[in-house]
Amino acid sequence: MATHPGGLTSTEAPAVRVRDLHRSFNRSGGVLEGLDLDVAPGEFVAVLGRSGTGKSTLLRALAGLDRDVDGYGEIEVPVAVSVVFQDSRLLPWKRLLDNVTFGLRAPDADERGRRALAEVGLAGRERAWPYELSGGEAQRASLARSLVREPQLLLADEPFGALDALTRIKMHELLRRLCEVHRPAVLLVTHDVDEAIVLADRIVVLDGGTVQTDVRVELTQRSPVAPGFGELRDFLLGRLGVQEHLGADFIAPGRRRATSATPS
Amino acid sequence: MTAATAATRADVAPAVPPSRAGGPHPDVRVVRRRLGPGPRTRLSFWVGPLLLLAVWAVGSWAGFISPAVLTAPWDVAKEFQNQWVDHDLLGNIGTSLRRSVLGLTLGVLGGVVLAVASGLSRVGEALIDGPIQIKRSIPTLALIPLFVAWFGIGESMKVTTIALITLIPIYVNTHNALRGIDGRYAELAETLDVGRVEFVRNVVLPGALPGFLLGLRFAVTVSLLGLVVVEQFNSESGIGHVMTLAQQYGQTSVIVVGLVIYGVFGFLADTAVRLIERRALSWRRTLEG
């Protein structure tokens, strides 16, 4: 049924442990039906799936935001969990620094907030109102708000979905760098296969309420022209039900195929 | 400033197609917002009231407005001076202001506390919202005899009445704004492990502030209106008392003095609240500018 070339390699206790997770919104059928998932500490997992396969449902279950949803199952997550939403969700009535430190109970909260803003390239914007920011800046601020809490688990629900392509590439670099420094376990929900390959250590594809595919990304380079990138993308697109010729001609028009770019 | 902006814009996008233009063409497009009220001008809020005063003055001077209908502005000024010197007008104003400010303060506090309690808990809503709506539909005038029976005819009756009148607009507008706060902010606060008190302080109150301030504008006005009513009952001082006496003796000019004082206070108070509004809501980007 499911292929499991990925998964845990060490005997270390996982940061996230999900067993037999069921969630349903109505009686007609469950969105999640017996999902199992482990995420190791510091591991970056991307979750792919067609719409309605329960990507966000899984993320909201891990974030503890699904109290009104029917279901059962076992969930273990770390104490320090941060969520990055698709909208930056900055409080419009708080200046940037106050947004970043909102809910942070530490004597040096302001200092840490300043440092986090500098880390995402927003130094000097501490007193800006959210409406003064561009979409990319707002999303960077929301990353700073998540990371200032030093989370052991970072949950991101299509965080770059509303950004333009160029900004998205910059945000990918930023997120990778931040994760290398802070080493949280990451669960990134996305519909963008390339984004998943560029960012993740491991990619899972949801279908039929469970993890249908679970692959480890072992690329030496994280760029669309890297050897193996195209094959992995075609494989994942196939798993998402997109046919290969569509993958080449329809999904990525004008993009050089990684396979043809690197003749072996 | 505007000219410079227009000039640089012209380099990038000529307003007229090059084929039709005889050469470099200045960009004549308007750079400010086309829809919306336009830039703010200083002291513009005085224009309306001053115009009203001018119409009144010209009407009285030309004889369109007979003194029996409305006293002329200069006679009102004379009467004002007479009241000020011989009848302790300042003391009466002071008494009225004290009542109104005290009642308003209590009403605002009560309104906010009730709105938050009823907005954030179902129990609070079940207990509070119904009675407030009932109170809303009962005219205050009809309640005063009851208050006289409960609180007597002294200061506490007057302050309580004003507090209850002002509580309503504060409650309704704050409650409405509070319920309109984006639920996603509550979700965010949950993921950030924010406690209830912190949530109220950082999300609920600032989020409901626009509604609260609108309520405050209504409340300030009705606190002054309430004076007229309560000061008819066994008062020895206050603007309402002065006007009630004047009514009995048929002194139109004194009544107009009272009306002008009310008008000026109402206008000043509203202006003050709007200034607060502009400062406290500077995080918003609205047509207000």
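**View 1. Where chain A meets chain B.** In this predicted model, 11 residues of chain A are in contact with 16 residues of chain B; contact here requires C-beta atoms, placed from the backbone, to lie within 7 Å. The side of chain A that touches chain B has nine nonpolar residues, one polar and one charged. Nonpolar covers Ala, Val, Leu, Ile, Met, Phe, Trp, Tyr, Cys and Pro, charged covers Asp, Glu, Lys and Arg, and the others, Gly among them, are polar. Residues are numbered from 1 along each chain as its sequence is written, while chains are lettered from A and ligands numbered from 1 in the order in which they are written. As the model is predicted, local features need pLDDT of at least 70 and side-chain atom pairs count only at pLDDT 80 or more, but totals for chains, interfaces and linings use all residues.

**View 2. The open sheet of chain A.** Here you can follow six strands in the order 5-6-7-3-8-9, with mixed pairing. Strands (E, at least two residues) and helices (H or I, at least four) are DSSP runs numbered from the N terminus, and two strands pair if DSSP finds at least two bridges between them. Strand 5 (81-84) and strand 9 (210-216) are the edge strands, each pairing on one side only. From one strand to the next, the twist averages 20 degrees. Inside the sheet, strand 6 (residues 153-157) and strand 7 (residues 185-189) of chain A run parallel and are joined by five bridges. To find one of them, look for A:Leu154, whose bridge partner in strand 7 is A:Val186.

View 3. Helix 4 (residues 135-147) of chain A lies across strand 5 and strand 6, running at about 170 degrees to strand 5. Such angles run from 0 to 180 degrees between N-to-C directions, with axes fitted to C-alpha atoms, for helices over the stretch in contact. In the loop between helix 4 and strand 6 sits A:Glu150, whose phi is near 45 degrees, a positive value in a residue other than glycine. Most residues other than glycine have a negative phi. A:Glu150 is partly exposed, with 13 other C-beta atoms within 10 Å; buried would need 20 or more, and exposed 12 or fewer, with C-beta atoms placed from the backbone.

**View 4. Helices 6 and 7 of chain B.** Chain B has 11 helices and zero strands, and this view picks out two of them. Helix 6 (residues 140-151) and helix 7 (residues 155-179) pack at an angle of about 140 degrees, with their axes 10 Å apart. The two helices are therefore oblique to each other, the word for angles that are not under 35 degrees (roughly parallel), over 145 (roughly antiparallel) or 65 to 115 (roughly perpendicular). Among the residues that meet are B:Ile144 and B:Phe147 in helix 6, and B:Met157 and B:Ile165 in helix 7. The residues of this contact divide into six nonpolar, four polar and no charged.

**View 5. Helix 7 with helix 9 in chain B.** The axes of helix 7 and helix 9 (residues 196-230) of chain B come within 7 Å and cross at roughly 155 degrees. These two helices are therefore roughly antiparallel to each other. Their contact residues divide into 17 nonpolar, 10 polar and one charged.

Terms used
Contact = placed C-beta atoms within 7 Å.
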